[in-house]
Amino acid sequence: MRRWPPRIPVPAAVAHRRAAVGATSTAAEATDDLVRQHNRSIAALLRRGRFAAARRLFDALPARSVVTWNTLLAALSRRGDVPAARSFFDSMPVRDAVSWNTLLAAYARSPRLDHLAAARRLFDEMPQRDAVTWSTLLGAYARRGLMDEAQSLFNEMPQRNTASWNTMITGFFAVGQARKAMDVFEAMPVKDSASLSAMVSGFTSNGWLDEADALLTKRLRATDMDKAVDAYSTLIAAYGQNGRVTDARRLFDMIPKAQSQHKGHKRRVFERNAVSWNSMMMCYIRTGDVCSARALFDEMPGKDLVSWNTMIAGYTQASDMEEAEKLFWEVPEPDAVTWNLMIRGFTQKGDVEHARGFFDMMPERSTITWNTMISGYEQNEDYDGTIKLFQRMLEVSERPSHHTLSSVLAACASLATLRLGAQLHQLIEKSFLPDTAISNALITMYSRCGELTNAKAIFSQMHTQKDLVSWNALIGGYEHHGHATEALRLFKEMRSAKVVPSHITFISLLSACGNSGLVSEGRVVFHTMVHEYGLDARVEHYAALVNLIGRHGQLEDALEVIKSMPIAPDRAVWGAFLGACTAKKNEPLAQMAAKVLSEIDPESSAPYVLMHNLHAHEGRWGSASVVREDMERQGIHKHPGCSWIDMHDKVHVFISGDTSHALTHEIFSVLECFYRSCRDWS
């Protein structure tokens, strides 16, 4: 009877088993290849920031390796979602050293104090620890300034590498314990360039520049250390920040120039690199020595883009835009920084048209570029350009930032364009988290437009976000609209809140008192500024004080204030006194003030106009005609006054002596962009 399955001869049986094993091995290899392929796909999705897609792919996988789990765990750690990372770690079927170190790093990076304690517990639970494990926890203690705990852990380390020693040096310097940092450095068995850089950075951050210099030039053979030039560059930059250019140049000259490698000779490991050249150039630029910076730039063998931008920045800071533009056209591949430097340089010089030319030529514009041009318009008081470019920004779907909105709000405040400013406020509430700068700009805008209730509401909502600018903005708003009592009350609150006022605070307070006739209160404010806060009175304060005293009949006292000034009175001071004299019809003092004012500012029409009005008010038309003729003979003309009103979605400007008015802004189209943008961003 035949048996089934048939008997297989021994050689054939062996061959059959080998074939089965081979098939299994091939299937396992195919599975491993598929897992590796999936791991690469997950990593690619995470590199592109597509975490949700990576997580969906992970959940759908039929097979995963520990690498698969670690890849997603690392992504959760980088996202700062420590609870999710911990939950994911707990669900892992298999963990390796990478898994433990990844979760430990997530705890270590977290700012929460309880997470540091959790990191220590995890450290104690780890089945095995490597150098990464010890360094991760050590760095966590050092970053938080817990140097006693760091020292204790450092002493327990079975093996210390250079990174561990450097962590201790950086940590001690960060908490101001420079001596302990020096002791650690001295005890290091092997020092590298990172150790040297840590010491120099620590010395310079604590103001010990001479000690850093001695370390580099006297105590160590730093010139034999590869990449020691980084420490030299750090000290050169620190010397530049402290105005010690001679010391910076001495140190720079100690670094050899790059030398070509000769046959049989090792190339020098200590030589100048782009950072050292750029650091020395920046030293010169910080002190305004653009010529020396240019000489160094021309000598530099391998210029990088930072070198070009540094030199252009030097010219823009010196307002030498002609040289800056010449250099710009030589830059091999200008980047956004290069273009922005040119735009900012021209706007700072007041040449907005030229700046706009560069803006229009840019191949690609970032939000920073838009902000630079928009703020350039606003700073040059071209509010029409500010709003129109903002409109263009919205039309091309470029989302504004807080800086954009601050500039446009400032333009609205200067134009008293309440409708546009209010729409901006709505946009901020829907699409942005207001910061201190934005809130301050809103307070200023509402104050200038007379909406003091809204300004006060925003001020009250700021709570701990208030800064000196916030207080000054609201005090200035009260002053602008004649609410002196409210301005003084707010100043009292400001003092109770322990906020130290500035010169601007007192200018607003003195002006408010002057406009409301609060002479005694104004004198107290001036006394408070000088004697309680120790602020030196500036010419603006004296002008406000003279106006305050003089306009309320105390002309002799006002003149005595002028004579007692420790600084020379300028046109503002004498103009305030002349205005007070004409208001009180004191012709002798008015004549004297007008003469002095004409000598200080021969081009000003103010003394002639005020004296003409004084004579005309008294009915002395002949004397008034003489003043007008004298004014015409000197070739002095009075500029026409203007005013504007925001009405029917347009800003209308009215010029004195003109029977027509110009439409300066198409506000309605900007508002349409607002509505569309709000829908897109909310």
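**Close-up views of a predicted model**

View 1. K498 is exposed, since its relative accessible area is 74%, over the 50% cut-off. The structure shown is a predicted model. K498 sits in the loop that runs between α28 (484-496) and α29. Its phi is positive, about 65°, although K498 is not a glycine.

**View 2. E381, a residue in the loop between α21 and α22.** The helices on either side of this loop are α21 (367-379) and α22 (383-395). Is E381 buried or exposed? E381 counts as exposed because its relative accessibility is 60%. The backbone of E381 has a phi near 65°, which is a positive value in a residue other than glycine.

View 3. S447 belongs to helix α25, which covers residues 436-448. With a relative accessibility of 2%, S447 counts as buried, the cut-off being under 20%. Which residues does S447 touch, leaving aside those up to four places away in sequence? They are L452, A455, A473, L474, G477 and H481.

**View 4. The largest pocket.** The volume of the largest pocket is about 460 Å³. Its lining is made up of 22 residues. Nearest the centre of the pocket lie T444, R448, V469, N472 and A473. A473 is also one of the residues touched by S447. Four helices, α23 (402-415), α25, α27 (468-480) and α29 (503-516), each supply at least two residues of the lining. Sorted by class, the lining has 11 polar, nine nonpolar and two charged residues.

View 5. C412 is in no disulfide, and the nearest cysteine sulfur, that of C449, is 7.4 Å away; a disulfide would need the two sulfur atoms to be within 2.5 Å. C412 counts as buried because its relative accessibility is 0%. C291, in contrast, is exposed, with a relative accessible area of 67%.

**View 6. V67 at helix α3.** V67 is found in α3, the helix of residues 66-78. Its relative accessibility of 47% makes V67 partly exposed. How far apart are the C-alpha atoms of V67 and V35? They are separated by 9.2 Å, while the two residues are 32 residues apart along the chain.

**View 7. A44 in helix α1.** Helix α1 spans residues 10-47 and includes A44. A44 counts as buried, as its relative accessibility is 19% and the cut-off is under 20%. Between the C-alpha atoms of A44 and A54, which are 10 residues apart along the chain, the separation is 8.6 Å.

View 8. In the span 65-99, the end C-alpha atoms lie 12 Å apart, and the span is 71% helix and 0% strand. For residues 273-307, the end C-alpha atoms lie 11 Å apart, with 74% helix and 0% strand.

**View 9. The protein as a whole, for orientation.** The secondary structure comes to 37 helices and three strands. The protein has 682 residues, of which 44% count as buried. Among contacts with a separation of 6 or more, 56% are between residues 24 or more positions apart.

Definitions and conventions. Residues numbered from 1 in each chain as written. Predicted model: local features only at pLDDT ≥ 70, side-chain atom pairs only at ≥ 80, totals over all residues. Heavy atoms only, no water. Buried < 20%, exposed > 50% of the residue type's maximum accessible area, 1.4 Å probe, protein only. Contact = heavy atoms within 4.5 Å. 1 Å grid on protein atoms, 1.4 Å probe; cavity = no way out; pocket = protein on both sides within 12 Å on 5 of 7 lines; lining within 4 Å. Points joined across faces, edges and corners; volume = space filled by probe spheres on them. Nonpolar A, V, L, I, M, F, W, Y, C, P; charged D, E, K, R; others polar.
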